[in-house]
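Hello,

Here is the structure I promised to pass on. Please open it first; my notes on what turned up follow below.

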Amino acid sequence: MSEVTIALAKGRMQNQTLELLSRSGIRCDEEALRSRRLSIEDTTGRIRFIFVKPADVPVYVEHGTADCGVCGADVLMESEADVLQPLDLNIACCTIAVAQPCARSDDAMKGKIDTVALRINEAGMLRVATKYPRIARKHFLEHGIPVEIIELSGSVELAPVLGLADCIVDLVETGRTLIENGLTITETIAASSGRFIVNRVSYHLKSGIIAELLDKLAASIVAADKSETESSHAENYK
Amino acid sequence: MPELLSKIPPGMRYHSGREARLRRRIEDRVMSIFNGHGYEEIVTPGLDYYALFERGMGAEAASRAFRFADADGSLLALRPDVTSTLARAAATFFSTRPRPLRLCYAANVWRANARSGAEWRREGKHLGCELIGAPDESPTRIESDVEMLSMVAAIIAKLDLQDACRITINNVGIFNGIAARLNLDTEGREQARRLIDARDSSGVQNFLTERTREDKDCAEFGRLVQMTGRDEMFTAARRIITNEQSVRALGELEAVWRGIATLELNHCFEIDFGDTSELDYYTGTVIKIYIAGAGTRAGNGGRYDDLIKLFGQSETAIGFMFDLDALTDALKGSNE
């Protein structure tokens, strides 16, 4: 029986996390990884990985079914899960941003947030299409802007183009999808990156192995940072 | 009609058979420990004025309660927490009783809105105790804290959970001293508290470096709140913490730690400088109880010397409670 269970968000986050772990000596059998099994153990049998949908990672961890998990800060913010987040893995770095059709925001580009305020004066209520209803509602509420949230589960960029919404709140990585759909970022809400999260009870009852994992991961992150070229780094964090 | 009859409101449930018997047994065992330490059981009203809970728990926590209007229009709430009702009783009905008061309870509590996704139940039962009005001088103050912790340990031993349990202690004065030294306003304090509570190491580090360019002590504090441990924690903390308020709190915590060193179950206890939940409620020692098999905390408590004052009488108070659902979840798998 494994000592600790880690829930990983399926997809890119899963591969990047496993890569970080393998650099610190925690490896999974290649064949097991290629299989369609949703629960596999590492080569020592100490760690069990379960592969779930990103939004489900905080759910498993909050309930303690998984002791730890890896998911994006965006997913964490949206879930408002009561979990610990001791480590920023610095992978899958993106921003959560507000974007609007370019044409409409042209003259207001310098005006930052006022763009949005301007639009509601005309429409009475700002319509926001998003996969992140909680983050979006909270953000506009903090700025005193009344919004109507239109919850979508994908291709959010289409909504303003087709007139379903005035703007979108979405995760932006390179911004290419936005540009190709005629949208531009008008405001950044928060930065997002892969987070290592831990169940509150497990943090205390399995402190030994969890501290070991955290140390190993932290070391791998430093190593990964160093291997990146300094210049590209400076570019990213300007 | 049949499907209508079987419908129960979300978050409510039946307990029957083995589970119901287990709950009864756990409750009896916990209450027998309180009883053995001279704590008198008090049955408090399940329905009370909402204003009472708002005063006792703070507006945010109280707002999770079920609320409705009485026939005369006053706002009522189903009891979301027992401590507020006991604090009011201590300051009013029991105000002339000799001190200290030793009170305990096994009472149902209700919440309309959960604090977290794992807390789906809307009815729970708290088993707890309060020590009110003990003298505030230094030996008695420490003794009261130790009395609480030894009861926690006795309950854990009585339930045979000593190998699946961790009890953490901290003193809120340590954080408060640092916050005062950094001149944090209410918002900054809450932000720091939340980052520490979530063990967000990079978040804490960024927060502190922004504010402590020349203050190495405070920057180091970020590392301290990541660790839990035993005696070595005091050595580490003393190297970092220098402000008067934090040092005093640290001294008090160490005195309590020495007090429990003689307890049989002292291997279950740990120091956790990162425990910063509900800072505004507590005024000294804070206790958290974690048990394997229960996804959420099984119990918590601490010192709240400012609470009774809110009800008109200034005196010390300390208490803790166990969540019966969490204890049941933890013991369900065993051969109990």
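B:N176 is buried, because its relative accessible area is 18% (buried means under 20%, exposed over 50%, partly exposed in between, with a 1.4 Å probe and protein chains only). This is a predicted model: local features need pLDDT of at least 70, side-chain atom pairs count only at pLDDT 80 or more, and totals for chains, interfaces and linings use all residues. Residues are numbered from 1 along each chain as its sequence is written, chains are lettered from A and ligands numbered from 1 in the order in which they are written, and side-chain values use heavy atoms, leaving out hydrogens and water.

Back to B:N176. The residue sits in helix α7 of chain B, residues 172-181 (helices are DSSP runs of H or I, at least four residues, and strands are runs of E, at least two, numbered from the N terminus). Leaving aside residues up to four places away in sequence, B:N176 touches B:R189, B:Q245 and B:L279 (contact means heavy atoms within 4.5 Å). The side chains of B:N176 and B:R189 are also joined by a polar contact of 2.7 Å. A polar contact is a pair of N or O atoms within 3.5 Å; within protein, one must be able to donate a hydrogen and the other to accept it, and residues adjacent in sequence count only if both atoms are side-chain atoms.

Now the charged pairs. Side chains of opposite charge can pair when their charged atoms come close. A salt bridge here is a side-chain nitrogen of Lys or Arg within 4 Å of a carboxyl oxygen of Asp or Glu. Over all chains, the count is 41.

Three of them:

- A:E19 with A:R23: the closest N and O atoms are 3.0 Å apart. Both lie in helix α1 of chain A (residues 12-23), four residues apart, about one turn. A:E19 is partly exposed at 45%, and A:R23 is partly exposed at 44%.
- B:D28 with B:R24: the closest N and O atoms are 3.6 Å apart. About one helical turn separates them, because they are four residues apart in helix α2 of chain B (residues 17-36). B:D28 is partly exposed at 42%, and B:R24 is partly exposed at 44%.
- B:R248 with B:E244: the closest N and O atoms are 3.9 Å apart. Both are in helix α12 of chain B (residues 244-260), four residues apart, about one turn. B:R248 is exposed at 54%, and B:E244 is exposed at 63%.

Chain B also has a network: salt bridges with shared partners link B:D136, B:R141, B:D145, B:E252, B:R303 and B:D305.

Best wishes
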